[in-house]
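Welcome! Below are some exercises to work through with a protein model, each followed by a worked solution. Try each task yourself before you read on.

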Amino acid sequence: METRPGTGGPPPPAGAGAVAAQTRRRRLSTDDDVRYFLPKPGSTPDKPELGRETANEGEALVEALKSSQPFYALTVWKAATEVNGGGHPVIVKQVLKR
């Protein structure tokens with residue numbers, strides 16, 4: 001009988017990798033922090049101009065599909081300082097709440 005490295009032992013529990021990955025990621029913004037806009041008439045992807053704001057991503061998707069145009073998701077950030085574990089200040093970004 002031949003054995004291969006890494007195949008011995010029981011398999012990890014279902015979803016264990018996904019849970020570990022989620023706990024390592026820091027959530028920087030939530031859906032409430034994102035605003036959705038349709039482009040202003042005459043706007044181009046090279047020079048985007050925000051037009052009408054939609055209430056949510058679903059509405060932006062529907063309106064963009066109807067009008068065959070893109071839509072924009074906007075998150076507003078501000079720069080702030082925090083002191084890291086070594087006592088040194090670092091610049092971080094923080095989401096501005098609506």
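**Exercise 1. Counting charged pairs**

How many salt bridges does a search of the whole structure find?

*Solution.* Start with the ground rules. This is a predicted model in which local features need pLDDT of at least 70 and side-chain atom pairs count only at pLDDT 80 or more, while totals for chains, interfaces and linings use all residues. Residues are numbered from 1 along each chain as its sequence is written, and side-chain values use heavy atoms, with hydrogens and water left out.

Next, recall the idea: side chains of opposite charge can pair when their charged atoms come close. A salt bridge here is a side-chain nitrogen of Lys or Arg within 4 Å of a carboxyl oxygen of Asp or Glu. With that rule, the search finds 5 salt bridges.

**Exercise 2. A link between distant parts**

Find where Asp33 and Lys97 sit in the chain, and decide whether each is buried or exposed.

*Solution.* 
- Step 1: the side chains of Asp33 and Lys97 meet in a salt bridge, 3.5 Å from N to O.
- Step 2: this pair links distant parts of the chain, 64 residues apart. Asp33 is in the loop between α1 (16-24) and β1 (34-39), and Lys97 is in the segment after β5 (89-95). Helices (H or I, at least four residues) and strands (E, at least two) are DSSP runs, numbered from the N terminus.
- Step 3: Asp33, with 5%, is buried, whereas Lys97, with 62%, is exposed.

**Exercise 3. A bridge between two strands**

Which strands hold Arg35 and Glu53?

*Solution.* 
- Step 1: the side chains of Arg35 and Glu53 form a salt bridge of 2.9 Å, N to O.
- Step 2: Arg35 lies in strand β1 and Glu53 in strand β2 (residues 50-54), so their pairing ties together parts 18 residues apart in sequence.
- Step 3: Arg35 is partly exposed at 28%, and Glu53 is partly exposed at 29%.

**Exercise 4. A network of charges**

*Solution.* 
- Step 1: Arg52 forms a salt bridge with Glu59, their closest N and O atoms being 3.5 Å apart.
- Step 2: shared partners join Arg52, Glu59, Glu63 and Lys66 into one network.
- Step 3: on accessibility, Arg52 is partly exposed at 42%, and Glu59 is partly exposed at 31%.

**Exercise 5. The sheet and the helix across it**

In what order do the 3 strands of the open sheet lie?

*Solution.* 
- Step 1: the order is β2-β1-β3, with antiparallel pairing. Two strands pair if DSSP finds at least two bridges between them.
- Step 2: β2 and β3 are the edge strands, each pairing on one side only.
- Step 3: look at one pair. β1 and β2 pair in the antiparallel sense over 3 bridges, and Pro39 stands opposite Leu50 in β2.
- Step 4: α2 lies across β1 and β2 and runs at about 15° to β1. For such angles, axes are lines fitted to C-alpha atoms, for helices over the stretch in contact, and angles run from 0 to 180 degrees between N-to-C directions.

Note on methods: Buried < 20%, exposed > 50% of the residue type's maximum accessible area, 1.4 Å probe, protein only. Contact = heavy atoms within 4.5 Å.
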